[in-house]
Amino acid sequence: MTRSRGFLTAALSALAIIASASPSARAAQCGSGPGGFEAWKQQFAGEARAKGIGATGISALMGTNYASATIAADRGQRSFSLSLEAFMAKRGAAAIVSRGRALKQSQGAMFGSIQQRYGVPPGPLIAIWGMETGFGSQRGNQNMLSSIATLAYDCRRPEYFTDQLYAALQLIDRGTLSASQRGSMHGEVGQTQFLPKNILAYGAGNLESASGALSSTANFLRAHGWKAGAGYQPGEPNFVAIEAWNAASVYQRAIAIMGRQIDGGG
């Protein structure tokens, strides 16, 4: 072996050692079924400890189970491909508007206080509330942490749900959420369905209560560009905040329409 070839070989070996020690090389590997979930949890727990997650959060993570129902739901979201009319019919838009108008009257003081603080009128908040959980009646019965851990492990969207998992573990460490918290299929919790990162960033009260959930929703919308007094239909200034709430175009337009009808705009 020549001296130059020896130098090259040594350099490549050093690079390989550096690469094997890099965080990306140590990152827990995603999977496409339950078989690797337990090994993934062990790997992820090490990464979580390195990021400052405490014993309570780690214990909660290790107690999670692979959520097959969450994976099935994640693969079967077909309603967002419907036409606007079909989507609104499927989601019960007429009933949401009817009950929403009554709630706007009966809970006027609460909605007035929220609007004064955040600049968001009742209509879009009530529309989101009705669309997400039927005004708090359908909040889901899945283990929140198992759902999010499963989606962080799954290879479809691991980066997005890894961030949500870290946020969930932080909230559990703080005592804001418990390891037994129940939620919807993707780990959303509360009366307007917040994921953990949004709880950390925009939570403004107890999400299991109407006032806390609606205040948090208004806080989210304001943080995403809502301007008091401006319109919220497509093409108007506040529609961008509704777009930030949910990425599906048909959902966004439905919220704008129902909100206008609840607010008395026909």
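**Helices, core and loops**

Colleague: The axes of helix 7 (residues 93–106) and helix 15 come within 9 Å. Are the two helices oblique or roughly parallel to each other?

Modeller: Keep in mind that this is a predicted model. The axes cross at roughly 40°.

Colleague: What handedness does the crossing of helix 7 and helix 15 have?

Modeller: On the helix 7 side, the residues that meet helix 15 are A93, I96, V97, G100, R101 and K104, and their partners are M258, Q261 and I262. By class, that contact has five nonpolar, two polar and two charged residues. As for how helix 7 and helix 15 cross, the handedness is right-handed.

Colleague: Let's go to the largest nonpolar core. Which helix gives the most to this core?

Modeller: That core holds 70 residues, and W40, F44, L165 and M258 touch the most other members. Eight residues of the core come from the helix that gives the most, which spans residues 249–262. That's helix 15.

Colleague: How is helix 3 (residues 37–50) placed relative to helix 11 (residues 158–174): oblique or roughly perpendicular?

Modeller: The two helices pack at an angle of about 65°, with their axes 12 Å apart. Angles from 65 to 115 degrees count as roughly perpendicular. That is why helix 3 is, relative to helix 11, roughly perpendicular.

Colleague: How many residues in the contact of helix 3 with helix 11 are nonpolar?

Modeller: The crossing of helix 3 and helix 11 is right-handed. Helix 3 brings W40, F44, E47 and A48, while helix 11 brings T162, L165, Y166 and L169. One residue of this contact is polar and one is charged, and the number of nonpolar ones is six.

Colleague: What about helix 5 (residues 68–75) and helix 10 (residues 144–153)? At what angle do their axes cross?

Modeller: These axes come within 9 Å. The crossing is right-handed, and T70, I71 and D74 in helix 5 meet S147, T150 and L151 in helix 10. By class, this contact has two nonpolar, three polar and one charged residues. The axes cross at roughly 60°.

Colleague: Time for the loops. Is F135 buried or exposed?

Modeller: F135 is found in the loop between helix 9 (122–133) and strand 1 (142–143). F135 isn't a glycine, yet its phi is positive, about 60°. The relative accessibility of F135 is 11%, and buried means under 20%, so F135 counts as buried.

Colleague: S137 is found in the loop between helix 9 and strand 1 too. How far are the C-alpha atoms of S137 and Q191 separated?

Modeller: S137 counts as exposed because its relative accessibility is 53%, and exposed means over 50%. S137 and Q191 are 54 residues apart along the chain.

Colleague: What is the relative accessible area of Q193?

Modeller: Q193 is found in the loop between strand 2 (182–183) and helix 12 (196–202). Phi of Q193 is positive, near 65°, although the residue is something other than glycine. Q193 is buried, and its relative accessible area is 9%.

Colleague: Which residues is T217 in contact with, leaving aside its neighbours within four places in sequence?

Modeller: T217 lies in helix 13 (residues 210–223). At 0% relative accessibility, T217 counts as buried. Its contacts, with those sequence neighbours set aside, are L125, I128, T192, F194 and W245.

Colleague: Last one, on the protein chain. What percentage of its contacts with a separation of 6 or more is between residues 24 or more positions apart?

Modeller: The chain has 15 helices and two strands. Of its 266 residues, 46% are buried. For contacts with a separation of 6 or more, residues 24 or more positions apart account for 65%.

Notes: Residues are numbered from 1 along each chain as its sequence is written. This is a predicted model: local features need pLDDT of at least 70, side-chain atom pairs count only at pLDDT 80 or more; totals for chains, interfaces and linings use all residues. Side-chain values use heavy atoms; hydrogens and water are left out. Axes are lines fitted to C-alpha atoms, for helices over the stretch in contact, and angles run from 0 to 180 degrees between N-to-C directions. Helices (H or I, at least four residues) and strands (E, at least two) are DSSP runs, numbered from the N terminus. A crossing is left-handed if the near helix is turned anticlockwise from the far one by less than a right angle, and right-handed if clockwise. Contact means heavy atoms within 4.5 Å. Ala, Val, Leu, Ile, Met, Phe, Trp, Tyr, Cys and Pro count as nonpolar, Asp, Glu, Lys and Arg as charged, and the others, Gly among them, as polar. A nonpolar core is a set of buried Ala, Val, Leu, Ile, Met, Phe, Trp, Tyr and Cys residues joined through side-chain atoms within 4.5 Å. Buried means under 20% relative accessible area, exposed over 50%, partly exposed in between (1.4 Å probe, protein chains only). Angles under 35 degrees count as roughly parallel, over 145 as roughly antiparallel, 65 to 115 as roughly perpendicular and the rest as oblique.
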